[in-house]
Amino acid sequence: MLIGAHVSPSGGPAMAVGRGEERGCRSIQIFNQNPRQWKARVYSDEEVAAYHEAMKGSNVEQLVIHAVYLLNCASEDPEIRDKSLASLIVALNAGAQLKAKGVVLHPGSALKNGGSVEEALKRAGQVIKEALAESEECPLLLEDTAGAGGTLGRSFEELATMIEVAGGGKRLGACLDSCHLFASGYDVRTRESLTAVVDEFDKVVGLDRLGALHVNDSMTGLGSNRDRHVNLGDGEIGREGMIAFLSEPRFEGLPVIFEGPGRSGKEIDPVDMAWAFDLRSRGLAERLAAA
Ligand SMILES: [Zn+2]
Ligand SMILES: [Zn+2]
């Protein structure tokens, strides 16, 4: 399990590797462009070379790119869908240049005015299919969502439907977020309940499609459909759930990204990463004792 953090890519992707290193990360996640603007950020050859140089001999083993939240591949507005497609292609190309584990995407939102979820899933799947056709190599990981306000991906069935509509190819995968799972009604508070959730994911989507994870605790309750991250163990999932998540055997080898807020409330610090590693150690010890 490659536990890591969401870090700033300010100054270029090589700088992000340095920020991960300082924090003790085994993996990092970055936005590939300013999250508040549509403007594309294309990496120069020099930046790509500096990034690969920084990764060499670094404890950071994997990079995940998070597409920015402006994207809505399911929008009813064709202009927004076009912009989302263009942005997604840029992100996937950046992922290929940086040999990222994948581009994580919030699949989109169904409604303005109570629009059909089924139609929205089809629209999102079509845009994703096109983005894959117009880019190479880098996997696209659809993230499960908390289910707020018509966001797609609140259930494993919705993820599976979009993967199917998008062609079902090998580059299509999923990223599961512990907070979003819990908020959308998947109980991940204990080892037993987490096991059942991962079984269910395997049945509906397939574990071979799981490419990355987000580990965040949830401020709000099971099925609350709200996306409010809190520090690991401080929320409704709680310490037991976080320990289970960070030691789940079927997550081994994958990047597991903590997105914050972090104890300081400003950014993720080394102390936050140390805490995540500590929870993982406890989980491994508990599983060993129970075996
Ligand atoms: Zn996300
Ligand atoms: Zn979230």
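Modeller: A residue counts as buried under 20% relative accessible area, as exposed over 50%, and as partly exposed in between. The model discussed here is predicted.

Colleague: Is His106 buried or partly exposed?
Modeller: The relative accessibility of His106 is 21%. The limit for buried is under 20% and exposed starts over 50%. His106 therefore counts as partly exposed.

Colleague: Which residues are the protein donors of the zinc ion (ligand 1)?
Modeller: The donors lie 2.0 to 2.1 Å from the zinc ion (ligand 1). Along the chain they follow the spacing H-x39-H-x36-E. Two of the donor atoms are NE2 atoms of histidines and one is an OE atom, and the residues are His66, His106 and Glu143.

Colleague: How many residues apart in sequence are the parts that His66 and His106 tie together?
Modeller: Both residues are donors of the zinc ion (ligand 1). His66 lies in strand 3 (residues 62–66), and His106 is in the loop between strand 4 (102–105) and helix 4 (117–133). The pair therefore ties together parts whose separation in sequence, in residues, is 40.

Colleague: What is the relative accessible area of His66?
Modeller: His66 belongs to strand 3. Buried means under 20%. His66 is buried, because its relative accessible area is 0%.

Colleague: Which residues does UniProt list for "binding site"?
Modeller: The UniProt entry is an unreviewed one. The listed residues are spread over 50 residues of sequence but cluster in space, with a largest C-alpha distance of 9.0 Å. In the model, the donors of the zinc ion (ligand 2) come from these residues. The names in the entry are His180, Asp227 and His229.

Colleague: Why is the arrangement of donors around the zinc ion (ligand 2) irregular?
Modeller: The zinc ion (ligand 2) is coordinated by His180 (NE2), Asp227 (OD), Asp227 (OD) and His229 (NE2), at 2.0 to 2.6 Å. The arrangement is irregular because the 4 donor atoms subtend angles of 53 to 132°.

Colleague: Is His180 buried or exposed?
Modeller: His180 lies in helix 6 (residues 178–183). Leaving aside neighbours within four places in sequence, its contacts include Glu143, Asp144 and Thr145. The relative accessible area of His180 is 2%, so His180 is buried.

Colleague: What is the length of the polar contact that joins the side chains of Asp227 and His180?
Modeller: Asp227 is found in the loop between strand 8 (217–218) and strand 9 (229–230). Asp227 is partly exposed, with a relative accessible area of 34%. Leaving aside neighbours within four places in sequence, Asp227 is in contact with Ala146, Cys179 and His180. The polar contact between the side chains of Asp227 and His180 is 3.1 Å.

Colleague: Is the pair of Phe31 and Tyr69 stacked or edge-to-face?
Modeller: The whole structure holds 4 aromatic pairs. In the pair of Phe31 and Tyr69, the ring centres are 5.6 Å apart and the planes stand at 80°. Planes over 60 degrees apart count as edge-to-face. The pair is therefore edge-to-face.

Methods: Residues numbered from 1 in each chain as written. Chains lettered and ligands numbered in written order. Predicted model: local features only at pLDDT ≥ 70, side-chain atom pairs only at ≥ 80, totals over all residues. Heavy atoms only, no water. UniProt positions renumbered as here; feature names shortened; annotations may be inferred. Helix = DSSP H or I, 4+ residues; strand = E, 2+ residues; numbered from the N terminus. Buried < 20%, exposed > 50% of the residue type's maximum accessible area, 1.4 Å probe, protein only. Contact = heavy atoms within 4.5 Å. Polar contact = N/O pair within 3.5 Å; in protein donor to acceptor, adjacent residues only side chain to side chain. Donors = N, O, S within 2.8 Å, 3.2 Å for Na, K, Ca; no water. Phe/Tyr/Trp six-rings, centres within 6.5 Å; stacked < 30°, edge-to-face > 60°. Tetrahedral: all angles 85-135°; square planar, octahedral: opposite > 155°, others 65-115°.
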